[in-house]
Amino acid sequence: MKTVKMNEVELCYEVLGEKNPDTIVLISGLGSQMIRWDHTFCDLLVEKGFRVIRFDNRDSGSSVFNTKREIPSDKSIEEIFAMLSKEGIPYSLMNMADDVIGLLNHLNIEKAHIAGRSMGGIIAQLLGSYYPERVLSLTIIMSTSLNPSLPKPDPEVMAMMTQVSADPVLQKEEYMREKIHFAKKISGSGYAFDSNQEKALLEEELIRSRTKNGIIWQLLAMGSFQYNPEVLKKITAPALIIHGTEDLIFHPDCGKDIADSIPGAKWLLIEGMGHFIPRELFDTISESMVSIINKKLPY
């Protein structure tokens with residue numbers, strides 16, 4: 001893994017299959033590190049002939065945003081949001097989309113296929129709309145346009161997302177219990193959830209993490225986003241929208257809204273999938289990504 005410094009951002013990234021000619025960039029979700037794009041999944045794309053780039057968004061994993069204020073430790077999430085929103089957010093989702101373009105420029109890549117999951121799917125939409133000359137295709141997984149008329153996240157899940165977590169250093173056992181419980185809650189019932197695998201991933205994330213409270217800054221970027229239906233209508237790249245029927249964070253209607261709003265977009269609804277990509281679906285999703293790239297999807 002390597003790091004590139006771009007103005008106030010230090011972006012950590014990894015390139016797999018460097019000798020392959022066509023590039024796929026994988027964008028992670030809210031507070032999620034690049035390793036959530038499983039290495040096995042990346043290898044499938046490499047085997048299909050693609051150079052795969054995965055990276056940590058600013059304020060997650062080993063990527064750092066260096067210009068922001070301290071977050072008070074004695075306030076609730078709601079109080080923190082109110083205070084920081086009033087003072088002004090340090091960056092937007094558009095800034096995060098610009099990070100992707102900066103990374104492509106650094107690697108001398110003119111055009112790429114883009115795949116984003118959850119918040120990464122919103123960033124992918126912005127790339128497809130504002131940088132059409134750089135985007136060859138879009139795959140948007142378990143995401144939303146943030147259209148305010150769409151169904152809201154499950155209240156229990158939303159409360160779990162915004163609660164102050166146990167300290168991973170001082171209360172590691174409680175921290176692990178909370179995170180594993182949350183991951184299982186959102187995973188969907190159609191595929192087995194492996195708590196040991198999730199624990200190992202959390203352990204790796206703790207080792208890699210260089211940022212404290214990064215998820216709060218990313219939440220502020222999402223919360224300040226102004227929905228504009230024209231963003232999706234302007235996308236011209238071939239697009240595939242993938243969603244699970246049991247997604248508790250972004251209701252399936254959120255994915256269908258994206259598919260209906262992007263001209264010519266393909267829609268793939270997967271029964272029993274939640275806000276999580278199970279290993280059993282790695283083949284299906286990677287093959288669907290390649291099919292939209294080759295414009296050969298039957299649906």
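Me: What does Lys172 form a salt bridge with?
Reply: Lys172 pairs with Glu203, and their closest N and O atoms are 2.8 Å apart. A salt bridge here is a side-chain nitrogen of Lys or Arg within 4 Å of a carboxyl oxygen of Asp or Glu. Bear in mind that this is a predicted model, where local features need pLDDT of at least 70, side-chain atom pairs count only at pLDDT 80 or more, and totals for chains, interfaces and linings use all residues. Residues are numbered from 1 along each chain as its sequence is written, and side-chain values use heavy atoms, with hydrogens and water left out.

Me: Which parts of the chain does the Lys172 and Glu203 pair link?
Reply: Distant ones: Lys172 is in helix H6 (residues 172-186) and Glu203 is in helix H7, 31 residues apart. Helices (H or I, at least four residues) and strands (E, at least two) are DSSP runs, numbered from the N terminus.

Me: How does Lys172 count, by relative accessibility?
Reply: Lys172 counts as partly exposed because its relative accessibility is 34%. Glu203, at 26%, also counts as partly exposed. The cut-offs are under 20% relative accessible area for buried, over 50% for exposed and partly exposed in between (1.4 Å probe, protein chains only).

Me: How many salt bridges does a search of the whole structure find?
Reply: 12. One of them joins Glu10 and Arg210, with the closest N and O atoms 3.3 Å apart. That pair links distant parts of the chain, 200 residues apart: Glu10 sits in strand S2 (residues 9-16), and Arg210 in the loop between helix H7 (195-208) and helix H8 (214-223).

Me: OK, new topic. At what angle do H1 and H11 pack?
Reply: About 40 degrees, with the axes of H1 (residues 39-47) and H11 (residues 282-293) 10 Å apart. Axes are lines fitted to C-alpha atoms, for helices over the stretch in contact, and angles run from 0 to 180 degrees between N-to-C directions. H1 and H11 are therefore oblique to each other; under 35 degrees would be roughly parallel, over 145 roughly antiparallel, 65 to 115 roughly perpendicular, and the rest is oblique.

Me: Which residues make the contact?
Reply: From H1, Thr40, Phe41, Leu44 and Leu45; from H11, Phe282, Asp283, Ile285, Ser286 and Met289. Contact means heavy atoms within 4.5 Å.
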